[in-house]
Amino acid sequence: MSRWRAVAPGRVNLIGEHTDYNGLPVLPIAIDRAIRIEFRVTGDAAVRLHSPVERFAPFAFRMRRPIEAADRGDWSNYVRAAARGLLEHGIDLRRGIEGTVSGDVPVAAGLSSSSALVVASALALLKANGVGVEDGTGGGAGGGAGRAPDEDPADKRPPAKTVSRLELAALMARAERFAGLRGGGMDQAACLHGVEGHALRIEFEPLRVTPVAVPEGWRWVVASSLERAEKSAGARDAYNERARQCREALRGVGSGYRDLVAEPGLDGVLRRARGVLAPALFRRFRHVVTEGRRVALAEEAMLNGELGRFGELMVQSHASLRDDYEVSTAGLDEIVEIALEAGAAGARLTGAGFGGCAVALCEERAAATVMEALATRFYAPRLGGPPGRDAMFAAKASGGAGVTAAPPPPSPPLSAVPALPSPSTAPAPAARSRGTGNRPATDPTRDWF
Ligand code: NG1
């Protein structure tokens, strides 16, 4: 019986934070850390998955509308979201999957483990149901290099139907909101469009992805604050509150952030906004428009190979996220400070904030010094030793998600997956919840999905 492996990478956002849900571009890389689903196709339109990590309880659900959500914080919601999104798009999911989820994207770290799981689930379900995935970047040049193949070359059957990567990214961005976060679509697009050695300029409304070559010798050091940014729990309300404030601020100032950022100088826009917005809303607004401007400048710096300039923009981005958007933490601020003192060209929090990781840009020869300074000054006092490989690592810009034929097992037994009720008894039971609160983790390096 054929076995398949869906692989979907996490991402590190280089610049453009909290801009995607405001319709402004972002500049992330897909990274060499991924979620993997090894699966076989089943005939009964159900999903049965388990994980070797104890806190992610095995689950099963039937792909029949409406797919009910499990408890808040339950990891199965990301897989349910993918199935729900595909069903709502009119894709007939007659066949199901049964398998194991594993991976090495740290969870609740701002590295997009959730979208990687959503995308891997969607790709697995599409494969199971004979739906092909076509390349396409929405008009940007050069997409596709370094991407994992979607189809097994030995499988000559034509797919029943196809969906483009861009379509799938947009679909999964909407679908993931089922898990509760009013996100903007950066993560799913980065995951599906990653290109080795390239950053990705992602634009929204309409979605477009343009690869931008990362200059030789630029290194990205990712460092965890050891604080979990649990977007399925506590951080979700703070995130959604920011999104609501951005919409409210816009109502007072203009018709869209894109038009405002395109105005020749931002001074006029900011003066107008200061006149009509309450101080807290003004600060949120100022972050969004200045960050929007920084993304364009950073792309230009990358194209010109200006490491110092790119770094400066990262530092400005962090200050804006800390002071105006108020999503940084003392730990993230400290990592940024240590990295800069040790010789990084720039550093900033990455992802939504509220904990999670920071990313530092370093010249090749400075990367080891920066990592050593972080190990000694940040991690040793907190962990009593060196950081694990998921607490601090050098990330590489990598290829996007895909499905390949899996090597034969050994795979762990599926006996732990709960049985489904017979098809006549609806609906499928909610998965067991292990209650993932927004708690500080002394060692986040054990967690992934
Ligand atoms: P992380 O930190 O990976 O959960 C979230 C959103 C992004 C984006 C960033 C902030 C989701 C799935 N992810 O990312 O869309 O808004 O925050 O820039 O909603």
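This is a predicted model: local features need pLDDT of at least 70, side-chain atom pairs count only at pLDDT 80 or more; totals for chains, interfaces and linings use all residues.
Visitor: How is a pair of packed helices described?

Guide: Two packed helices are described by the angle between their axes and the distance between the axes. In this model, α2 and α4 pack with their axes 9 Å apart and at an angle of about 60°. That makes α2 oblique to α4. The crossing of this pair, α2 and α4, is right-handed.

Visitor: Which residues of α2 and α4 make the contact?

Guide: From α2 come S115, A116, V118 and V119, and from α4 come D187, Q188, C191 and L192. By class, the contact of α2 with α4 has five nonpolar, two polar and one charged residues.

Visitor: Turning to α7 and α8, at what angle do their axes cross?

Guide: For α7 (residues 266-276) and α8 (residues 279-303), the axes come within 10 Å and cross at roughly 165°. An angle over 145 degrees counts as roughly antiparallel, and that makes α7 roughly antiparallel to α8. The crossing of α7 and α8 is right-handed.

Visitor: Which residues meet between α7 and α8?

Guide: On the α7 side they are L266, V269, L270, A273 and R274; on the α8 side they are F282, F285, R286, V289, T290 and R293. The contact of α7 with α8 has, by class, seven nonpolar, one polar and three charged residues.

Visitor: How does α5 pack with α8?

Guide: Helix α5 (residues 234-253) packs with α8 at an angle of about 90°, the axes being 9 Å apart. That makes α5 roughly perpendicular to α8. In this contact R242, Q245, C246, E248, A249 and V253 of α5 meet L281, R284, F285 and V288 of α8. By class, the contact of α5 with α8 has six nonpolar, one polar and three charged residues. F285 of α8 is listed in the contact with α7 and also in the contact with α5.

Visitor: Which peptide bonds are cis, and where are the prolines found?

Guide: Most peptide bonds are trans. Here, a cis bond joins R65 and P66, with omega about -10°. P66 is found in the loop between β4 (59-62) and α1 (76-88). The bond from E205 to P206 is also cis, with omega near 0°. P206 is found in the loop between β8 (198-203) and β9 (208-213).

Visitor: What is the phi of H18, and where does H18 lie?

Guide: Most residues other than glycine have a negative phi. H18 is not a glycine, yet has a positive phi of about 60°. H18 lies in the loop between β1 (4-15) and β2 (27-42).

Technical notes: Residues are numbered from 1 along each chain as its sequence is written. Axes are lines fitted to C-alpha atoms, for helices over the stretch in contact, and angles run from 0 to 180 degrees between N-to-C directions. Helices (H or I, at least four residues) and strands (E, at least two) are DSSP runs, numbered from the N terminus. Angles under 35 degrees count as roughly parallel, over 145 as roughly antiparallel, 65 to 115 as roughly perpendicular and the rest as oblique. A crossing is left-handed if the near helix is turned anticlockwise from the far one by less than a right angle, and right-handed if clockwise. Two residues are in contact if their C-beta atoms, placed from the backbone, lie within 7 Å. Ala, Val, Leu, Ile, Met, Phe, Trp, Tyr, Cys and Pro count as nonpolar, Asp, Glu, Lys and Arg as charged, and the others, Gly among them, as polar.
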